[in-house]
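Today I looked up salt bridges. My notes follow the model below.

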Amino acid sequence: MEYLKRTWAEISIPALQSNIRKIQSHLSNKSEIMGVIKADAYGHGVEVVAHTLCEMGIKYFAVSNLIEAIEVRKLCPDAEILILGYTPPENAQLLEMHNIIQAVISVNYAKILSASAGRTIRCHVKLDTGMGRIGLKNDTPEETAEEIEYISTLEHISVEGIFTHFAVADTDTPECNEYTQKQQEFIIKTAEIIKNDGLDLKHVHFMNSAAAISHTSDKSTLARTGIIMYGLLPNYPQQLNIKFEPVMSLYSTVAYVKTVPEGTSLSYGRTYTTDKERTIATITVGYADGYPRLLSNKGYVLIHGCKCPVLGRVCMDQIMVDVSNVDVTVKPNDIVTLIGKDGGQEITADELANLIGTIGYEIVCGITKRVPRIIKY
Ligand SMILES: *Cc1c(COP(=O)(O)O)cnc(C)c1O
């Protein structure tokens, strides 16, 4: 058995490659892609994504933590790997051993990290210019530059770069554009001061996916792109001026079909009762596969190219959908498209997310490990 055709995700390598080429041709030749492959490459499978990016000549990778970094190190021995988040200082030795670049998130963290390290740790200093999450936080670039220069004097810390993260680069309103502009000016000014003071910075970076497309700047030596590589939108339904192709599709199978009379309730809690005779298919996917329970009575799937609404509550391993309007007879073993294209229709992770007040990121990251990732070359 190659894999169980119950619920499975297909990962399209041509789509990933095409998205990356589009990003590359949009960026100035002063900015390189830093592939953001945290969280198992946004649920797509870090092994195949890292491998594809390496093959395409991408040298820079970003992950969320040390475990992910060590995994990527094994996949790409020559890559530059940045941990975007916190690493407990007790793991300093592992950073050195695996040649991982660590985000320095405060002056105090830098001191502790330096004290915990045996040899030099490569770092990019994170600036909080308005995200309010982690990073050096000051009113002026002068103060921030001074702190970075201090950090660079610590015995076991090598400051190779600085970076910041935008809060609203994905939202095209005058207020948000101005906020992003201010964040950008802050880090650029900080970098200028540091360079004038004689500290060499290999990297200054601030573009995420949204900024890489909508606030492209050749002052950002790296574009830390995540979501657009995977073909989703940073802020659905706001479209970008480049069209990307979703890399992940999600499929399942019809297990059971029945026609029931008016007044039949379906699933836990009896939240749905048929208003007339309807034909119902039971599908082998549920919230334990990452198909959100919030899609109860809201989601829809594609069967034979027709939209079929989810009826009643999403269960752990199964859902019921209405197939009354499908032109052909629906039978057990028919393929069900949960995310992807079928006939002329398409369901994207962004659309599903939007139905339940979340983002496509959360849908793809939430597909659980019970779901095999089938790689399509
Ligand atoms: C996750 C993350 C990114 C990538 O964001 P996308 O919107 O997926 O491009 C970039 N930078 C940081 C610091 C992140 O945490």
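I searched the whole structure, a predicted model, and found 13 salt bridges. Side chains of opposite charge can pair when their charged atoms come close.

**Entry: Asp289 and Arg6.** I looked up this pair and found a salt bridge, with the closest N and O atoms 3.0 Å apart. Asp289 sits in the loop between β13 (278-283) and β14 (300-303), and Arg6 in the segment before β1 (7-12), so the bridge ties together parts 283 residues apart in sequence. Are these residues buried or exposed? Asp289 is buried, at 2% relative accessible area. Arg6 also counts as buried, at 18%, because the cut-off is under 20%.

**Entry: Asp289 and Arg370.** I then checked a salt bridge between the side chains of Asp289 and Arg370, at 2.8 Å from N to O. Arg370 lies in the loop between α11 (360-365) and β19 (373-376), so this pair ties together parts 81 residues apart in sequence. I noted Arg370 as partly exposed, with a relative accessible area of 38%.

**Entry: the network.** Which residues are linked with Asp289 in a network of salt bridges? I listed Arg6, Asp317 and Arg370.

**Entry: Lys59 and Glu32.** My last pair was Lys59 and Glu32, a salt bridge with its closest N and O atoms 3.3 Å apart. Lys59 is in the loop between α3 (46-55) and β3 (60-63), while Glu32 is in strand β2 (residues 32-36), so the pair ties together parts 27 residues apart in sequence. I found Lys59 partly exposed at 43% relative accessibility. Glu32 is partly exposed too, at 32%.

Key. Residues are numbered from 1 along each chain as its sequence is written. This is a predicted model: local features need pLDDT of at least 70, side-chain atom pairs count only at pLDDT 80 or more; totals for chains, interfaces and linings use all residues. Side-chain values use heavy atoms; hydrogens and water are left out. A salt bridge is a side-chain nitrogen of Lys or Arg within 4 Å of a carboxyl oxygen of Asp or Glu. Helices (H or I, at least four residues) and strands (E, at least two) are DSSP runs, numbered from the N terminus. Buried means under 20% relative accessible area, exposed over 50%, partly exposed in between (1.4 Å probe, protein chains only).
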